[in-house]
Amino acid sequence: MLASVNDGYALLVLPPYRAQVSLNFLVLAILAVVLAVYFLVGVISRALRLPGKVVAYRDRRRRERAAESLRDAVRLQLEGRYSQALKMARKSWGAGDPSGVSALVAARAAHALRDDQRYREWIGHAAERDDKILTARLMTEAEMAVEGRRFDEAARCVDAMKTNDNRPVATLQLALQIAEAKDDWKAVVKIARQLRKHHLLADEQARPLVRRAHVASMRALDGQGEAIVAYWNGMPAEEQNDPSLVEKVVPLMVANGQGATVRRVLESQLDAQWDSRLARLYGECGDHEPVSAIARAEKWLQAHPKDSGLLYALGRLCVAAELWGKAQSYLEASVSAAPSVDAHLTLAQLSERFERPQVAQDHYRRAAQLTAHAAGGQLALPATEGETA
């Protein structure tokens with residue numbers, strides 16, 4: 001509509017030439033030139049970017065192939081098809097896997113195939129990407145070293161990860177295996193406590209580990225009574241209250257002349273929670289004030305009159321106090337409640353002391369039968385006088 005009412009014109013002068021054109025035509029011509037230049041520049045630009053796009057496309061395809069091969073390698077590794085996993089991991093690495101994870105998968109697969117040469121080769125390749133996978137490589141090396149029972153090598157890898165503030169908690173599990181293998185019981189206790197704190201070990205799992213480590217540490221101090229007591233006093237109360245631990249360390253402490261300490265420990269344990277096994281061990285500390293120990297045990301007997309362990313302990317305490325009649329009475333009550341080898345042997349020794357060989361022989365025979373029964377076998381012994389062979 002504007003063009004229809006526009007009578008203007010444009011005069012173009014380029015001596016010696018002159019041109020007069022309609023203003024509408026000039027506007028259309030300028031628009032046509034601008035559009036032509038725009039499309040021409042676009043074509044030239046795309047042509048210039050084409051080599052770069054081709055390179056980027058090829059690089060993207062290579063990364064996609066590397067990622068696909070890596071996924072297949074991980075899947076095959078989890079399926080236990082280690083040869084194929086190694087092949088796909090090699091393919092991913094060759095396709096330019098930038099993460100270096102393919103080298104770790106290949107190393108694990110080679111280790112599973114017991115190919116140490118290729119394992120070392122792929123761990124070396126993984127080290128080339130330490131800027132991205134240092135912790136993962138050290139974890140892999142530590143795990144493989146533990147599996148191969150190369151505990152010194154595993155320890156070096158774990159120590160290297162300790163410098164990393166973001167080290168995985170799983171390193172504690174590896175450190176625990178290393179400490180157990182190297183009989184480093186102090187470290188076992190420390191690590192087990194940390195694992196329990198992080199809920200990586202349940203109480204039912206941590207308790208036997210801690211118990212075994214404490215027993216081994218105290219046995220290493222055999223002959224050093226005061227050191228054993230100091231070690232015991234250094235334990236947390238929670239660990240001291242483990243009846244199975246007390247049961248194992250009491251004979252060791254008694255053998256090292258720490259009967260008074262043992263008595264206090266057992267009295268505290270039994271007052272808190274009754275345990276017939278610990279009550280039986282109370283008879284081991286009779287060399288230290290046996291009369292007062294008898295009085296304490298007889299108070300417990302009022303609440304547990306048929307406890308064979310307590311009756312045996314009273315018998316042993318009476319032997320230590322040279323109360324022979326009471327000793328025999330308590331020991332006979334113990335074997336009546338629940339026969340045991342120790343009780344029969346103690347009765348046999350008492351019978352020999354008072355020159356009753358036939359009674360002693362009968363108790364020895366019963367003790368031997370109990371031992372054979374506990375071992376799952378049968379023991380044939382000659383019959384005592386008055387018995388049918």
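## Cavity

A cavity is a set of points, on a 1 Å grid over the protein atoms alone, where a 1.4 Å probe fits but cannot get out; lining residues have an atom within 4 Å of a point. Grid points are joined across faces, edges and corners, and a volume is the space filled by probe spheres set on the points. By this rule the structure holds one cavity of 30 Å³ or more. The model is predicted: local features need pLDDT of at least 70, side-chain atom pairs count only at pLDDT 80 or more, and totals for chains, interfaces and linings use all residues. Residues are numbered from 1 along each chain as its sequence is written, and side-chain values use heavy atoms, with hydrogens and water left out.

The largest cavity contains about 30 Å³ of space. Its lining is made of Gln328, Glu332, Leu347, Ser351, Arg356, Val359 and His363. Helix 18 (324-337), helix 19 (341-353) and helix 20 (357-374) are the elements that give two or more residues to this lining; helices (H or I, at least four residues) and strands (E, at least two) are DSSP runs, numbered from the N terminus. By class, the lining has two nonpolar, three polar and two charged residues. Here Ala, Val, Leu, Ile, Met, Phe, Trp, Tyr, Cys and Pro count as nonpolar, Asp, Glu, Lys and Arg as charged, and the others, Gly among them, as polar.

## Largest pocket

A pocket, unlike a cavity, is an open set of points with protein on both sides within 12 Å along at least five of seven lines. The largest pocket has a volume of about 340 Å³. Its lining comprises 16 residues, and those nearest the pocket centre are Val158, Asp159, Lys162, Ala175 and Ile191.

Helix 7 (151-162), helix 8 (170-181) and helix 9 (185-197) each contribute at least two lining residues. Helix 8 supplies the largest share, five residues. The lining of the largest pocket divides into eight nonpolar, two polar and six charged residues.

The axes of helix 17 (residues 308-320) and helix 18 come within 8 Å and cross at roughly 160 degrees. Helix 17 is therefore roughly antiparallel to helix 18. Axes are lines fitted to C-alpha atoms, for helices over the stretch in contact, and angles run from 0 to 180 degrees between N-to-C directions. Angles under 35 degrees count as roughly parallel, over 145 as roughly antiparallel, 65 to 115 as roughly perpendicular and the rest as oblique. The crossing of helix 17 and helix 18 is left-handed, meaning that the near helix is turned anticlockwise from the far one by less than a right angle. In the contact (heavy atoms within 4.5 Å), helix 17 contributes Ser308, Leu311, Tyr312, Leu314, Gly315, Cys318 and Val319, and helix 18 contributes Trp324, Lys326, Ala327, Tyr330, Leu331, Ala333, Ser334 and Ala337. These residues comprise 11 nonpolar, three polar and one charged.

Helix 17 and helix 19 have axes that come within 10 Å and cross at roughly 30 degrees, so the two helices are roughly parallel to each other. This crossing is left-handed. Tyr312, Arg316 and Val319 of helix 17 meet Asp342, Ala343, Thr346 and Leu350 of helix 19. By class, the contact of helix 17 with helix 19 has four nonpolar, one polar and two charged residues.

## Helix 3 with helix 4

Helix 3 (residues 82-94) and helix 4 (residues 101-112) have axes that come within 8 Å and cross at roughly 155 degrees. The two helices are therefore roughly antiparallel to each other, and their crossing is left-handed.

From helix 3, Tyr82, Ala85, Leu86, Ala89, Ser92 and Trp93 meet Ser102, Ala103, Val105, Ala106, Ala109 and Ala112 of helix 4. This contact has 10 nonpolar, two polar and no charged residues.

## Backbone exceptions

Most residues other than glycine have a negative phi, and most peptide bonds are trans. The peptide bond from Pro15 to Pro16 is cis, with omega near 5 degrees. Pro16 lies in the loop between strand 1 (9-14) and strand 2 (17-22).

Arg114 is not a glycine, yet has a positive phi of about 60 degrees. Arg114 sits in the loop between helix 4 and helix 5 (116-127).
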